Structure formats: C-alpha cells, structure tokens
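Q: I'm new to this one and would like to learn how to read it. Can we go through it together?

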Amino acid sequence: MKNMDEMVVDLHSLEETQAFGKQLASVLRLGDVVALIGNLGAGKTHLAQAIAEGFGIDRDDVHSPTFVLIQEYEGSVPICHIDAYRLNDIDEFLELGADELLGADNICLIEWADRVADVLPGKRIQLEIESTGVTSRRIRLTCPQDRFSEFERKLRRS
C-alpha cells in the first residue's frame with residue numbers, strides 16, 4: 001500500500017491484546033476502516049471486542065458477525081463490524097452494500113478483510129494478526145504515513 005507506514009507489536013497475553021485494542025480505539029477517527037487479517041483463531045474478534053470496548057460498548061455484546069455478516073453497535077461513536085469470511089467473492093460484499101458503510105460516519109472493523117481488499121480504501125488501518133503462542137500475538141499494523149506518529153506514540157510498546 002502506497003504512502004503507508006508499518007509497525008510491529010508483540011503482545012504476550014489476552015490482557016495485553018485487550019489493552020492494545022482499547023489504545024487503538026483512542027487513535028481511531030470517524031470514517032476509519034480497520035482491516036483485521038489473520039488465520040482462524042488469530043484473535044480478530046477479540047481485538048474487535050477490545051476496540052469496541054474503547055468506545056464504551058460492552059465487549060460481551062460484540063460477536064463475530066460470521067452468520068449475519070454485518071453488526072452495528074452504538075457507543076461513543078458508531079461501530080460497523082463486518083465479517084467477510086463466508087463471502088464467496090467481492091461481488092457479494094458489494095451486493096450487501098458493505099462498501100457504502102466504508103468511510104461513513106462510523107468506524108468499520110472488517111474481519112477477513114484480505115478477502116475484500118480490492119474494494120477497501122487505500123488509506124485503511126490494517127492489522128495482520130499472527131498467533132505466536134497460546135495467548136501471544138504479533139500484530140503488524142499498517143496505517144497512512146500522515147497518522148503514523150500518532151499510532152506509534154499511543155501503541156508502541158517499550
């Protein structure tokens with residue numbers, strides 16, 4: 001992705017992952033699209049729950065929208081949670097009208113975003129989640145260059 005910067009964060013527990021998601025929420029803005037990418041069980045939904053919690057949404061109300069495909073939550077900002085796992089192709093994503101939610105007056109969290117990457121905004125925030133142990137994760141965050149210093153300041157671990 002052009003004009004993007006990247007950072008890698010290692011998280012050693014579920015608690016650290018939850019704290020990372022809440023801190024990430026503090027940097028997100030209306031219109032942001034957050035692409036969550038990772039294998040089954042990597043922690044995409046856990047991270048989505050933590051981000052939503054950062055906006056005052058009860059994490060227990062946030063479920064993977066695998067069967068309903070799109071969930072919307074009202075917190076201090078509206079959250080749109082999309083799961084592209086069961087979609088056969090980009091056309092199904094477009095038929096759902098999901099593309100109309102991107103960049104709107106909300107924050108969009110998209111699980112399995114790599115399946116619909118061709119229709120996502122180029123200036124998205126992308127989180128590639130890799131399982132490095134039972135509860136540890138490595139997150140490769142890619143974001144627009146003009147916002148990188150803010151992300152780095154809030155999220156960089158010492």
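Predicted model: local features only at pLDDT ≥ 70, side-chain atom pairs only at ≥ 80, totals over all residues.

Q: Which residues of helix α2 are buried?
A: Helix α2 covers residues 44-54, and its buried residues are K44, L47, A48, Q49, A50, I51 and A52. Here's the general idea: an α-helix has 3.6 residues a turn, so residues three or four places apart point the same way.

Q: What covers the buried residues of α2?
A: To read cover, look for contacts, meaning heavy atoms within 4.5 Å. For α2, the cover includes the helix α1 (14-25) and the strands β2 (33-38), β4 (78-83), β5 (107-111), β6 (125-131) and β7 (137-144).

Q: What comes after α2?
A: G56 follows α2, and its phi is positive, near 85 degrees.

Q: How many helices and strands does the protein chain have?
A: You'll find four helices and seven strands. Along the sequence they run β-α-β-α-β-β-α-β-β-β-α. The radius of gyration is 14 Å, close to the 15 Å that the globule rule gives for 158 residues, so the chain is as compact as a globular protein of that length.

Q: What share of the residues in the protein chain is buried?
A: Of the 158 residues, 47% count as buried.

Q: And what share of the contacts with a separation of 6 or more joins residues 24 or more positions apart?
A: Such pairs account for 66% of those contacts in the protein chain.

How values were computed:
Residues numbered from 1 in each chain as written. Heavy atoms only, no water. Helix = DSSP H or I, 4+ residues; strand = E, 2+ residues; numbered from the N terminus. Rg over C-alpha atoms; globule rule 2.2 N^0.38 Å. Buried < 20%, exposed > 50% of the residue type's maximum accessible area, 1.4 Å probe, protein only.
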